[in-house]
Amino acid sequence: MNLKTLFRILLSIGAILWVISWIGDLNGKLPESTYGMILSAILTGFGIYFWLKSYKKTRGHYPKFHKKYQEMIKSMKKNPFNGIFFLVKNLFKFYTFVLVFSMILVLIGYLTIGQSEPVKVTQKYCENNIDVQKITGEIKHYGILRNVSSRWNSETGNSDLSLVFVAENGVFNISTKLEKENGEWEVKKYELKNKNTGANNGSK
């Protein structure tokens with residue numbers, strides 16, 4: 001198998017797996033979706049490596065992205081529709097860029113917002129609240145994607161968030177409203193839904 005075929009296969013599988021894993025995470029297909037995202041990133045990394053290697057081998061240099069960008073801007077000044085033609089012509093490079101960009105955004109989001117104080121407090125609340133535990137059972141795995149809207153300072157704040165987790169009794173989505181008073185976060189309200197049945201299993 002030549003390098004061109006190899007990197008196309010790796011990048012295509014990486015892209016498909018990423019989309020499937022993203023959808024799976026949102027729908028609570030855990031931890032399979034998490035493993036899928038990790039595997040997708042690995043396959044994409046190898047695909048880019050072999051692509052650059054093939055590019056250098058056939059053209060004698062690595063891709064000149066800035067030059068390509070300048071060419072696109074120049075052609076679009078003459079005709080805005082040239083941008084569409086340019087993207088179609090460079091479709092493989094374009095969707096690879098989008099794929100890598102989305103992976104970077106997910107990673108940054110997980111390491112920052114996804115690991116923020118409101119998220120950690122919500123997770124701890126789920127693991128220790130008797131009413132929640134009666135419904136869910138032991139929590140086994142949290143999804144990577146989290147929806148968080150927060151505003152706070154060192155003393156006060158508020159946050160609305162939702163996250164998906166797989167537990168002993170199924171897959172659940174919990175939406176919480178938190179408030180920060182005197183530097184401490186507290187869950188003021190929550191709504192727990194079973195993602196398999198769509199039923200509202202608990203609220204406060």
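Modeller: A definition comes first: rings of Phe, Tyr and Trp pair if their centres lie within 6.5 Å. In this predicted model, ring pairs link Y142, F165 and F172 into a cluster.

Biologist: How many aromatic pairs does a search of the whole structure find?

Modeller: The search finds 8 aromatic pairs. One of them joins Y49 and F50, whose ring centres are 5.1 Å apart; their planes stand at 70°, so this pair is edge-to-face.

Biologist: Is F50 buried or exposed?

Modeller: F50 is buried, with a relative accessible area of 18%. Y49 is partly exposed, at 48%.

Biologist: What about the rings of W152 and W185?

Modeller: Their centres are 5.4 Å apart and their planes lie at 85°, so they too form an edge-to-face pair. W152 belongs to strand β1 and W185 to strand β4, so the pair ties together parts 33 residues apart in sequence. W152 is partly exposed, at 37% relative accessible area, whereas W185 counts as buried at 10%.

Biologist: Now the backbone. Which peptide bond is cis?

Modeller: The bond from L30 to P31 is cis, with omega near 0°. P31 sits in the loop between α1 and α2.

Biologist: And what is the phi of N182?

Modeller: N182 has a positive phi of about 55°, although it is not a glycine. This residue lies in the loop between β3 and β4 and is exposed, with a relative accessible area of 68%.

Biologist: Lastly, which residues form the positive surface patch?

Modeller: The patch is formed by K4, R8, R59, K64, K67, K68 and K89. Helices α1 and α3 are the elements that give two or more residues to it, while R59 is found in helix α2.

Terms used. Residues are numbered from 1 along each chain as its sequence is written. This is a predicted model: local features need pLDDT of at least 70, side-chain atom pairs count only at pLDDT 80 or more; totals for chains, interfaces and linings use all residues. Side-chain values use heavy atoms; hydrogens and water are left out. Patches are made of residues with over 30% relative accessible area and no salt bridge: like charges are joined within 9 Å, nonpolar side chains (Val, Leu, Ile, Met, Phe, Trp, Tyr) within 5 Å. Accessible areas come from the Shrake-Rupley method with a 1.4 Å probe; for residues, only the protein chains shown count as cover. A salt bridge is a side-chain nitrogen of Lys or Arg within 4 Å of a carboxyl oxygen of Asp or Glu. Lys and Arg count as positive and Asp and Glu as negative; His and the chain ends are not counted. The place of a charge is taken as NZ of Lys, CZ of Arg, CG of Asp or CD of Glu. Helices (H or I, at least four residues) and strands (E, at least two) are DSSP runs, numbered from the N terminus. Buried means under 20% relative accessible area, exposed over 50%, partly exposed in between (1.4 Å probe, protein chains only). Rings of Phe, Tyr and Trp (its six-membered ring) pair if their centres lie within 6.5 Å; planes under 30 degrees apart count as stacked, over 60 as edge-to-face and the rest as tilted.
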